[in-house]
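Here is a brisk report on one protein model. Take a look at the fold before reading on.

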Amino acid sequence: MLEQLLDKRLIFVTGKGGVGKSTVTAGLAHALARSKRRTLVLETDTFSAMEDLFDYSSPGLEPISINEYLYASNLSSEECFIATLRRFVPSERIARAIIKNRIARVFFRAAPSVNEVTILDQVRVFFEKTDDDGEPFYDHILVDLPASGHAVTFLNVPATMHGMMRGIGPIATMSGQVAELISDPATTAIIAVCLPEEMPVNETIELADNIDETLGRPLDLAIANMVHQAPLDAKNRPLFEEIHQQIREDYPGVESLFFDEEDERAESTAIARLIEGNALALGWADRDREYLELLYDRLSAPIVEVPIVYESSGTDVVDKLSRIFIGDSSDAASLTA
Ligand SMILES: Nc1ncnc2c1ncn2[C@@H]1O[C@H](COP(=O)(O)OP(=O)(O)OP(=O)(O)O)[C@@H](O)[C@H]1O
Ligand SMILES: [Mg+2]
């Protein structure tokens, strides 16, 4: 699936809270870095998920190098504000003095959208950073955005600010540059992560419309995350249903997959419980499929399904997802586009 993103240098990832935005962003970043693309993963002034997932601690704005191809930074709004201010005043000392000033602090806290614009402007600075040959330093920048309700508002702030100032003055120019970058589908991609569940699917459909209407550009990709895989092929299903039916008749009341030491029948019902366990997993896969069909039906953006993986730590989940994204043959079967 990475091919769809290779020509996108700036990739924004959003989705409802808890659907796996950070994990998927980290997995994509890891996959791109493993493909030898210099990749920067950014968070927007939040409690950092990446620090845990990649085991580093971020000292400031300057991206930290996790490995040869992978970089990360959590964009603190205060540091971004100072960095932006620094471009308008002669020295960092003055910039820091301004932000320490009590009255200025109150003003900037109250001024709408200053945080969003300065954070996104810092994204632009990284986007424009070049190496010694004048080539872009980062092949890809991934931004783990806030939850979907806020993401469109967040991304639309530069355009709004540019409009409010009627394009006049240095801040309007800066906002205009950022807005242009966000609205350019040739270099920038917006990805929505969701779960195959009713609310997240409906929210993703709404989000796609909202991105179209507000940002004047499409949603590029939806990632349906944590999709349950059916434990058997569709062609074996009729046989399985038959066995299941038989088991239900032969072992009435046996439902649990788990071994219960108190249950006298536990040993003798092992096969029945195994069949019940598979029936349960089939039910989960069926239910996911229902919501996925709704998503395929209503969304014009391409959809990639990412399986739920069973790993013991977030870092291992990220590692596994990155191999799936690359198309590692041992995991490729579990990814269906
Ligand atoms: N494909 C997956 N398979 C298994 N577990 C997953 C998968 N994707 C995410 N998870 C797990 O789901 C949990 C939530 O993930 P994550 O923190 O990335 O969500 P988020 O959308 O960024 O949440 P928030 O809205 O709080 O920022 C984590 O425990 C993560 O390991
Ligand atoms: Mg997160």
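Among contacts in the chain between residues at least 6 apart in sequence, what percentage join residues at least 24 apart? The figure is 69%. Two residues are in contact if their C-beta atoms, placed from the backbone, lie within 7 Å.

## Model and conventions

This is a predicted model: local features need pLDDT of at least 70, side-chain atom pairs count only at pLDDT 80 or more, and totals for chains, interfaces and linings use all residues. Residues are numbered from 1 along each chain as its sequence is written, while chains are lettered from A and ligands numbered from 1 in the order in which they are written.

## Overall make-up

The chain holds 13 helices and eight strands. These are DSSP runs numbered from the N terminus (helices: H or I, at least four residues; strands: E, at least two). The C-alpha trace spans about 85 × 45 × 40 Å along its principal axes.

Of 337 residues, 36% count as buried. Buried means that 20 or more other C-beta atoms lie within 10 Å of the residue's own, with C-beta atoms placed from the backbone.

Eight strands form an open sheet in the order 3-4-2-5-1-6-7-8, with mixed pairing. Strands pair if DSSP finds at least two bridges between them. Strand 3 (64-65) and strand 8 (303-307) are at the edges; each has a single partner strand, so one side of each lacks a neighbour in the sheet.

Strand 1 (residues 10-15) runs parallel to strand 6 (residues 188-194), over six bridges. Phenylalanine 12 has isoleucine 190 as its bridge partner in strand 6. Glycine 15 is bridged to valine 193. Strand 6 also runs parallel to strand 7, through four bridges. One of the pairs is alanine 192 with alanine 222. From strand 6 the chain crosses through helix 9 to strand 7, a right-handed β-α-β crossover (with the strands pointing away from the viewer, the path from the first strand over the helix to the second runs clockwise).

Seven of the seven residues of strand 6 are buried, so the strand is largely enclosed by the rest of the structure. Thr188, Ile190, Ala192 and Cys194 point one way, and Ala189, Ile191 and Val193 the other.

## Helix 7

Helix 7 (residues 148-164) has 17 residues and should span 24 Å at 1.5 Å a residue; its end C-alpha atoms are 24 Å apart, which agrees. The expected span is 1.5 Å times one less than the number of residues.

Buried residues of helix 7 include Phe154, Leu155 and Met161. Their cover includes strand 1, strand 6 and helix 9 (198-215). Just after the helix, arginine 166 takes a positive phi of about 50°.

How values were computed. A residue is buried if 20 or more other C-beta atoms lie within 10 Å of its own, exposed if 12 or fewer, and partly exposed in between; C-beta atoms are placed from the backbone.
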